[in-house]
Amino acid sequence: MILVNTDYITGKELEMLGLVKGSTIQSKHIGKDITQSLKTIVGGELKAYNEMMNEARALATKRMVEEAQQLGADAVVNVRYASAAVMAGAAEVIAYGTAVRFKG
């Protein structure tokens with residue numbers, strides 16, 4: 001499955017199949033949440049949250065690809081990500097794009 005953030009794939013003629021998306025809501029356990037809160041006092045990268053968001057993006061992407069495969073897609077173009085805090089220590093990540101099939 002080809003994933004691109006452009007609305008075209010060089011050398012390919014595309015048939016649009018429709019919007020596909022994948023999402024997840026992730027959180028860290030309370031111990032990690034407390035240690036990351038303390039980290040904000042001294043500054044620096046919040047590695048546990050960074051890891052959480054990487055995992056969330058990967059899962060959201062996987063779910064988007066699965067939805068595209070169900071449509072018979074060869075690729076997803078115009079891939080975008082969005083995230084939002086759901087509550088303290090938890091975030092929703094959504095991946096979305098347009099599923100396409102190669103013509104010819």
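**Entry 1: the β2/β4 pairing**

I began with β2 and strand β4 (residues 90-102), which pair in the antiparallel sense over 13 bridges. Strands here are DSSP runs of E with at least two residues, helices are runs of H or I with at least four residues, and both are numbered from the N terminus. I took two strands as paired if DSSP finds at least two bridges between them. In this pair, L14 stands opposite F102 in β4. As a friendly reminder to myself, strands of a sheet pair through backbone hydrogen bonds, either parallel or antiparallel.

**Entry 2: ground rules**

This is a predicted model, in which local features need pLDDT of at least 70 and side-chain atom pairs count only at pLDDT 80 or more, while totals for chains, interfaces and linings use all residues. Residues are numbered from 1 along each chain as its sequence is written, and side-chain values use heavy atoms, with hydrogens and water left out.

**Entry 3: the sheet and the chain**

Next I traced the sheet: it is open, has four strands in the order β1-β3-β4-β2, and its pairing is mixed. β1 (2-3) and β2 (14-27) are the edge strands with a single partner strand each, so one side of each has no neighbour in the sheet. I found two helices and four strands in the protein chain, following the pattern β-β-α-α-β-β along the sequence.

Of the contacts in the chain with a separation of 6 or more, 76% are between residues 24 or more positions apart; contact means heavy atoms within 4.5 Å. Buried residues make up 31% of the 104 residues. For burial I used relative accessible area: buried is under 20%, exposed is over 50%, and partly exposed is in between (1.4 Å probe, protein chains only).

**Entry 4: helix α2**

Does the length of α2 agree or disagree with its residue count? The 24 residues of α2 (residues 47-70) should span 34 Å at 1.5 Å a residue, and the end C-alpha atoms are 35 Å apart, which agrees. The expected span is 1.5 Å times one less than the number of residues.

I then saw that α2 lies across β1, β2, β3 (75-87) and β4, running at about 145° to β2. Axes are lines fitted to C-alpha atoms, for helices over the stretch in contact, and angles run from 0 to 180 degrees between N-to-C directions. Among the buried residues of α2 are Y49, M52, A56, T61 and M64. Just after α2, G72 takes a positive phi of about 80°.

A56 is buried at 0% relative accessibility. Leaving out residues up to four places away in sequence, A56 touches T24, Q26 and V93.

With the sequence neighbours up to four places away left out, T61 touches L3, Y81 and A95.

Most residues other than glycine have a negative phi. N78 has a positive phi, near 60°. N78 is in strand β3 and is partly exposed, with a relative accessible area of 30%.

Back at F102, I noted K12 over the face of the ring, at 4.7 Å from the ring centre. The test asks for NZ of Lys or CZ of Arg within 6 Å of the ring centre and within 35 degrees of the ring normal.
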